[in-house]
Structures are given as C-alpha cells and as structure tokens.
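The following exercises are to be worked with the sequence and the structure at hand.

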Amino acid sequence: MTDSVFRGSRRKFLQVSAAAAASAASGATLGFVGPAAAQGMKYSEAPELAELVAAGQLPPVEERLPAEPVVVEPMNEIGEYGGTIRTGIIQNRGFQARSSWGPEPILRIARDSSTIIPNLAESWEYTNGGKTFVLHIRPIRFSDGAPLNAACFDFWWNHVNLKTALTPSPLSQFVVAGEVPEFEVVDDYTVQWTWSKPHANLPGLLAHWVGAQIPRWLPRHYLEQYHEDFAAADALAAKVDEEGFSTWDELFNNHSAAQYMMPFQHPEQPTLLPFRLRDPMELNTLVAERNPWYWKVDPEGQQLPYIGEIVVTNFESGDVRDAAIAAGQMNWVNTDTTFTNLPLYRENAERGNYEARLWLTSRGAEHTIMLNHEVKDPVLKALFNDIRFKRAVSHAIDRQLIADVVYLGFGVPSQVQMIPGSAWRNEDWVKKDTAYDPDTANALLDEVGLSERDGNGIRLRPDGAPLVMNMDFPVDDPGSTQVGELLIELMREVGITFNIRPIAREQVRTLLDNNDMEVGIWIADKCSDTMFPHSPEWHVPMNASGGWNAWGAAYAWWRETDGEKGIEPTGDVAKVIALFEEMQVTVDEDRRHEIGTEILRLNAENLWNIGDVGEVPIPVILGTNFRNYPEQGFTSYDWLGNYQYQIEQTYFEGGEWVGEQG
Amino acid sequence: MGSYIVRRVLQMILVVFIISMVAFFVIQLPPGDFVTSYVSSIAAGDRITQDAILALRQQFGLDEPLLMQYFRWITNVLQGNFGLSFQLQRTVGDLLAERLPLTLAITIPTTIFVYAVAIPIGIYSAVKQYSVGDYLFTFVGFIGLAIPNFLLGIVLIYLSTRYFGGNVGGLFSPEFENAPWSVARVLDMSRNMALAIIIIGTSGTAATMRVMRGMLLDELSQAYVETARAKGLSEWRLIMKYPVRVAVSPVLSTVGFTLPAMISGTEITATVLNLPTTGPLLLNAVKSQDMFLAASIILILSVLTVIGTFISDLLLVWADPRIRL
C-alpha cells in the first residue's frame, strides 16, 4: 500500500463523485424511488416476523406497512434477510454507532452525499415569498403501530420545544435572526413555520442532526403520559416518584431521551428507525432488533431492513476496541477509527473476517492552523493581519513531511477549502500557498519587518523582543500534537520560536471565550456541501459558544452577542459574515452557490486558515460479506456517520456474517 | 467493648460527613462545570446559544451557590435519592444498581483470592526461608509488584486472543452476550472473570505475600517460639498458633483499605479489560464533571473505607490478644 496506489484510487474516487453528481437527478443514484412504484406490489417480510404473524403476535405485513411504503433501490443488488451487525463505541459516545440503525431524519441526504431528499416528510416547499416553510408529513407508523401525523409535530413544537421546563430556549436551528417562527398545523399531514425572513438553511438542517433529533419527541401517544400538560397531576407525581426522579421534566426527558439518535433506555419507546431497542445498554452491551413496523420496502416488496440485529459493545478505551476489531469481534466500525492503526487493521483483516476500506471524511484539511486575528499582543496582531506573514507561515510548512510522518504517506497538501466532489471545490484555492518554499517564506518575513535576528537566529519583532508564537490545543487529539511538534521544527527553520501546549478541552474553551488564544489548531471538518451552507465554522466566524474557530473567535462573539462581547469585524471579515447572513435567507440555489463561492474566495485570499494535508482517508471496518455498502464513500459528522448509504438495504451474503462466533 | 463500638460509629458518621463535603467541593475545583464540559464535548460544535447555556445551568441548579447545591444533594442522599446523572439523564441510583453488583462480584472474589494465595505462600516462604520455593515465590512476587495491573491485562488479553481464541475484554464471549442466563453462560462469565481476578489481584497478592513473609521471619526468631518448641508443641501447630497470629496483624489492619482500593483502584485495569464496573463510571463522571454521579460514588467508596477500617480494627482485637480496648 504505497502513496501512488492511493493516488490512483483517489482519482477513481473523484470520477465516482463526478458521475454521481452528473446523474443526481435520477432517483436510483440517490437511493430513493417515490412511493408511486409501490402500487400493486406484493409484500413479504423476514422469516422471524412471519413466525410472529403466524403465532398471532403481530398483524400481517400488509397491515403493518403504510398505504404507500417507501421503495428503496438497493445499492447493488436485492439482499437476503438475517445476520447481526456488531459495532463498538468508546465510553458510551453513541454517535459512533448512530448510522448503524438509521438515523431517520425529517429530510435526508441522498447517496451522492449532498442532495437533500424527502424522508419522514414526503415533500417540502417554501411559500409566501420564501417566508413560510411547509412540510408534508409522510403517513407512516411508529414501531408500535401508532400513526405519525401533524398532531405529533404539534406536540413537539408546542409542548416540548416551546415548553420552558423541557427546552429552556427553543431549538436554535429554527431561530432566524433571533426570531422564533409561528407554527401552524395546516391539515392532518401538513405543518408550516413562518418567519419574517426566509429560513433557507432549514432543509439542510432537517436532513442533519436536528432533523434526526426531533423524532424522539414525536411519539405523542407515548409521551403524553409523562407530560404535565396531559397527564393527571397525581398519576404523574406517582410515576415521578416510582422511577426515582424529583420532577416531571426529568421523567419526561428520560422517556424521550435518544442517545444514538435512537431510544436507548426504554424498549417500549416508539421509534421510526429500521431497528428498535431490545436490550438497553447494560453492563457493556446493547441490542437492537428489526422494527416490524418499518415503513420501507425493496423493489420486490420485501420489508426492510434485511439485517436482523445490531449488537453495540461499549469500550472504555479506543485501544481496546481496536484490539477487538483485530480479534475479529466487530463487523461495522467506521466513524472514528484511528488512521495510524491502519496496519493493525489490515494485518488482522483476513483472520478477523473483515475488510478495512479507505473512505474520505469531511475534512478539507486534517488541521486548520489559525492565527488569532484579534490577539491581544499588538505586534502579533499586526503580523497576523498581514497576508505576507500568513503566506510566509504557510510556505514554511513542509506538508509532505507531515503526510509522511503523521499519516503514513497519505494525504495531499491542502488549504482549508471544500472536499473532493463538492460543488464548491476549487483546486486552485486548495493548492494556493501550499508549496514548501522556505526561501519565499524567509523573503516574505524579511519584507514585513522581521529581518533582524538574535544570536540564535530567531527573528526580532519591531519592539526588539524575539518572535514567539504559542499554540494551544486539546490534549485529546493526538494528530494535533504530532503536527504541532513538526511545526516547532519548521518554524524554527524560518526563525520563529513556536511553542505548543496541549491542554484540556475546557481550557481551550476558556481561552477562546476570553480571546486569550494566540494560535489555535483544530480538525478542519465540516467542509462538505451538507454542512458548509449552514455551519461554515472555519470560513466564517459564526459560532462562538460551540465552535472552535480560533482566528476569529472575537468576531464570532461580537456577532453572537450583538456587540456586547468580542470585537467588531471589519473589512473582509465583515464581508464573509454578511455573505453568511445572506446565505441563511437565500432560497435561490444559484445565488446560494455564488455566495458560497465568494466566501471561499475571500478565504483563499486572506488565508484565515492555514491547512496542512487533505484527503487523508479513514479506515472503515466492514464484515467481509457485508453487502450494498460503497467501496469508497464518505463518513463524518456531516452525514451523521454515513447514514446516506442506508443501513436498511445492507445485508450479509448468506444471511450471516462469516465471522460470527459460536 | 460496647461503648467502644458506639464511640467508633459516631466518629464514623462525622468522618463520612466531612468526606462527603470534601468530595463534593473537590469535584468543582477544575475550571468550569458540567455545562462547560458538555458544551465543549458537543459533537463537532452544534450551535448552542448563550441563552441555552444559561438555561441549562439553571435546569441543573448550577447557578446556585455551591453550599446550597451541596445541601440539596446531601438531604436527598439521606432520603436515598442520589440525584440525576447530567450526562446520562438517568438516576444515579439506577446506574449504581447496574454496576455495583458486578463490581462486588469481581472485588470480593479478588479479595478472597489475594488472601487465600498470599497468606499461605507468605507463611511457606518464611518457614522455608532460602529454599527453592521461597526464591521462586520471591521472584514471582517481585514481578507481580513491579508490573502495573493494566499492563499485565494487555499482555494477557493479547496472548488469550491471539493463541487461545479468547475475547477482548468484557465479561462474556460474543456468543453469550445476549443469550439468556444458562449454565454455559455462567461458565463463560467465570472464565472471563477468572482472568480479571488474577490480573487485578496480582499486585495485592505480591505485596501481601512479602509483608507476611517479613513479619513472620521476625516472629520466628523470638524467644517465645523457642519456649513453645521446648515445651514440645508440634512445629505446625506452634507456628499457626503463635507467630502467625502476630505476624498477620499488619495484613489485617489494611483490610479496610482493600475494599475501596479494589473498587476504585481498578479504573485503569477495568478500562483495559472493559469491565463494566463502577471504576470507569467514576472516571468518566469526574472527567465530565457530572458531579452528583461522581460525588455519590466517592461517598459510597468512603463509607466502604470507613466500614472496612472498623472491621479491620475489630479483627485485630480478635487476632492479637495484646490489644485491649
């Protein structure tokens, strides 16, 4: 496995992405065929469910499926029923396993990893000049047979989202410029929200985290018994007491909780996912089983999902999970594997009955190195705002060295731009100022007034002090440490003393919040079409309290607190923020594309982020006979793992994983 | 004796009360609180507004003065309600009920294992000083002391998965994970548990073995041993009846510490072996400042320590006739 081999496969990757984009209009590529195809179809189900039907414990499949089930085109071929997905999470962080059982957001991302298509809602539209967002809910059923309809959304919006005891402040994803929308139930299957400005990013958000979160508050028929607006006061008090809580909202939150985008504690909690909880996480395992009321079928009318069970094992450390992978105990681990352990994964693949495929993530570059443009030291501030200085730093970085030392030779020099396959990808901007060129770097540094050096060859600042830059980063990212250590050497070569300090994540937070950061480094993720329009964290200082943008934290605070905290942005920074505000209220696709392009162009020009290497793959562990999953794909938070590939249509050839023990 | 016990019980209550306070306050020492740690751990920076952060603090009662928070917590604890784990949105009582039985199922056999192995070996090594057996046990003992438990765990896991087809960590092999309880499942669990007991117990065994040997060697050269021997007592009865009873004192007086050490001192080993005990739970709770959970576990541990110390004092009285109340 050499660099050149991977380069070859990367080209293929780009072709695949391009092909996907070209045929984006065809439903088959997106993995979605409208319900019309289901007319007159004969339905069948998994043998285990057929047995339950025969025993009279379950209504027949025709009655369980909705009138118009969604027909899912399998990725490669029709599958067969059976088998168990075995996956592992670390320290109960369930998001690592979330796309093994869905999720099923209100809208979803298609298999091309960027188009937004219907899901729980069968369609959506903007009316009223874009100010009203209308959602047409699909008439489907929860895992206990109860229907999904507008009343469910009414419950969530009026009795959860606007109920301060449960949701201290309404979901920020629905708030536009501080305005909470007006919600209306139009008919049994239609709801709408109205703002005074359009909320153009809402479809993107409904296909992502928030869209996958909302369904936990939708089973109104189940949750009313835990809600003070509906339950009788004494009955509710008795329940609170019986389950050991002190207030009804604790009880309600416990019964509506979804840790992995799925109910994880109460098996009776209704869900719309392909799998439902059977055994909650106890000791270290959780088991989910096929949802008999699932609302999707394959083109032959077989009810999905094909796979029968998911077993999730919790590990207290990533290393132990890696050992379990190598020992052949896992057949589905793919959101947070360690790239540098690739040799371990590959070496044991055959014995462990799995494949370690290489996919891409949403990282424009592995890291963004960010110089705080409002750093408190005035001399550093002047330098950090000088494009010549930033270009000098960028040219002083030997990116091939980083690729070789940290990423086993994988990775290509990249600035923090968009990932391959993105509609906004611009190769020139990706490559700009990435050449390793210490001469240019030195010349540029001399030019900005740093030509004097001390006895150790360290450049002297205009105020006579030696030039020192300090970088703080969270200790839990080993990649940052390794890159940071190389930066020390590389910066010394051009006469800059560069210090790195790994600290606790909470301390990084405090530094950012108080504008005490000099230089920051973070994983440059979210560079995909699904995240960039609503969360361009690196390209626009837009997220102060939850974000990690270190070059413009002060500007983000200014924006978030309306000038109460932080520093007012000017010039190009003010421009990108204005562009981002425009993006939020612009529904027109062409204009959205222009806005995005302009934001990225300003980024290339200003070099607010200095990227290291991009296209570093992530190992994806999949059972050898696990089918209908891509050879090369994308996995990241941007797709909540890799839910765009639809776990419900995957299967094990032969009906069981070949590595199944016992 | 009666008044002694009453006095000790009163002291114990006071000590536990002070510990509960210290535990609660120490958890708050790192900068920030659970909300800070929650916000910084949110998956890849979902947007969360300042209002939401303030409201979260309010919801968890983190905006109140610390003393107030402590008071509310301790009054609830006295009524048997340990509060809510912020992180997991479950009651602390529920979480402990899930993990404590297993923790005890590992620590109690481990404790028995430590004493059952260490005391006889210690006696043997002392009586047969400088024999081949003594040298062998001394060698093994030092290795056991020198190797950290978790490292031993890693090595044994490697060997067992690589060559014996065992599984990596956990209490059950994959085929028994979701199986209903059966004889085979219990056997499978005991097999995995045996490994854990050996790993966790090794350093304790080694240490106890050395202490026992050293103490007994001191006693064997005492005049009263000669006297007893001169009186014609059989060698075996003599050793067990007099010097061993004295030599075992330091071992007994530390019984109190073994209980909490087994439960809390095994975080790293439990992490490596992937054992769902209270150790990793405490570690995570402290890391994320999930304070009711962390404080409750620490409180339970300190209660165990205090009780353990009390038991060891009573044991000493029973074993060593020189101690009078």
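**Exercise 1.** Determine which residues of α5(B) and α6(B) meet, and describe how the two helices are arranged.

*Solution.* 
Step 1. On the side of α5(B), the residues are B:Ile121, B:Tyr124 and B:Ser125; on the side of α6(B), they are B:Gly133, B:Asp134, B:Phe137 and B:Thr138. Two residues are in contact if their C-beta atoms, placed from the backbone, lie within 7 Å. Helices (H or I, at least four residues) and strands (E, at least two) are DSSP runs, numbered from the N terminus.

Step 2. Sorted by class, this contact holds three nonpolar, three polar and one charged residues. Here Ala, Val, Leu, Ile, Met, Phe, Trp, Tyr, Cys and Pro count as nonpolar, Asp, Glu, Lys and Arg as charged, and the others, Gly among them, as polar.

Step 3. Helix α5 spans residues 92-127 of chain B and helix α6 spans residues 132-146; they pack at about 135°, with their axes 8 Å apart. Axes are lines fitted to C-alpha atoms, for helices over the stretch in contact, and angles run from 0 to 180 degrees between N-to-C directions.

Step 4. α5(B) and α6(B) are therefore oblique to each other. Angles under 35 degrees count as roughly parallel, over 145 as roughly antiparallel, 65 to 115 as roughly perpendicular and the rest as oblique.

Step 5. The crossing of α5(B) and α6(B) is left-handed. A crossing is left-handed if the near helix is turned anticlockwise from the far one by less than a right angle, and right-handed if clockwise.

*Note on the model.* This is a predicted model, in which local features need pLDDT of at least 70 and side-chain atom pairs count only at pLDDT 80 or more, while totals for chains, interfaces and linings use all residues. Residues are numbered from 1 along each chain as its sequence is written, and chains are lettered from A and ligands numbered from 1 in the order in which they are written.

**Exercise 2.** Describe the crossing of α5(B) with α8(B).

*Solution.* 
Step 1. Helix α8 of chain B covers residues 183-220; its axis and that of α5(B) come within 6 Å and cross at roughly 35°.

Step 2. The crossing of α5(B) and α8(B) is right-handed.

Step 3. The contact of α5(B) with α8(B) comprises 20 nonpolar, seven polar and one charged residues.

**Exercise 3.** State how α14(A) and α17(A) are oriented, and name the residues of their contact.

*Solution.* 
Step 1. Helix α14 (residues 387-395) and helix α17 (residues 438-450) of chain A have axes that come within 8 Å and cross at roughly 155°.

Step 2. α14(A) and α17(A) are therefore roughly antiparallel to each other. Their crossing is left-handed.

Step 3. α14(A) contributes A:Arg388, A:Phe389, A:Arg391, A:Ala392 and A:His395, while α17(A) contributes A:Thr440, A:Ala441, A:Leu444, A:Leu445, A:Glu447 and A:Val448. By class, six of these residues are nonpolar, two polar and three charged.

**Exercise 4.** In what order do the strands of the four-stranded open sheet of chain A lie, and which are its edge strands?

*Solution.* 
Step 1. The order is β2-β12-β10-β9, with mixed pairing. Two strands pair if DSSP finds at least two bridges between them.

Step 2. The edge strands are β2 (84-90) and β9 of chain A, each of which pairs on one side only.

Step 3. β2(A) runs parallel to strand β12 (residues 309-315) of chain A, joined by seven bridges. A:Gly88 has A:Thr313 in β12(A) as its bridge partner.

Step 4. Helix α11 (residues 318-326) of chain A lies across β2 and β12 of chain A, at about 155° to β2(A).

**Exercise 5.** Locate two cis peptide bonds and one residue with a positive phi in chain A.

*Solution.* 
Step 1. Most residues other than glycine have a negative phi, and most peptide bonds are trans.

Step 2. The bond from A:Gly102 to A:Pro103 is cis, with omega near -10°; A:Pro103 lies in the loop between β2 and β3 (107-109) of chain A.

Step 3. The bond from A:Leu304 to A:Pro305 is also cis, with omega near -5°. A:Pro305 is placed in the loop between β11 (296-297) and β12 of chain A.

Step 4. A:Asn353 is not a glycine, yet has a positive phi of about 55°. A:Asn353 belongs to the loop between α12 (342-347) and β14 (354-359) of chain A.
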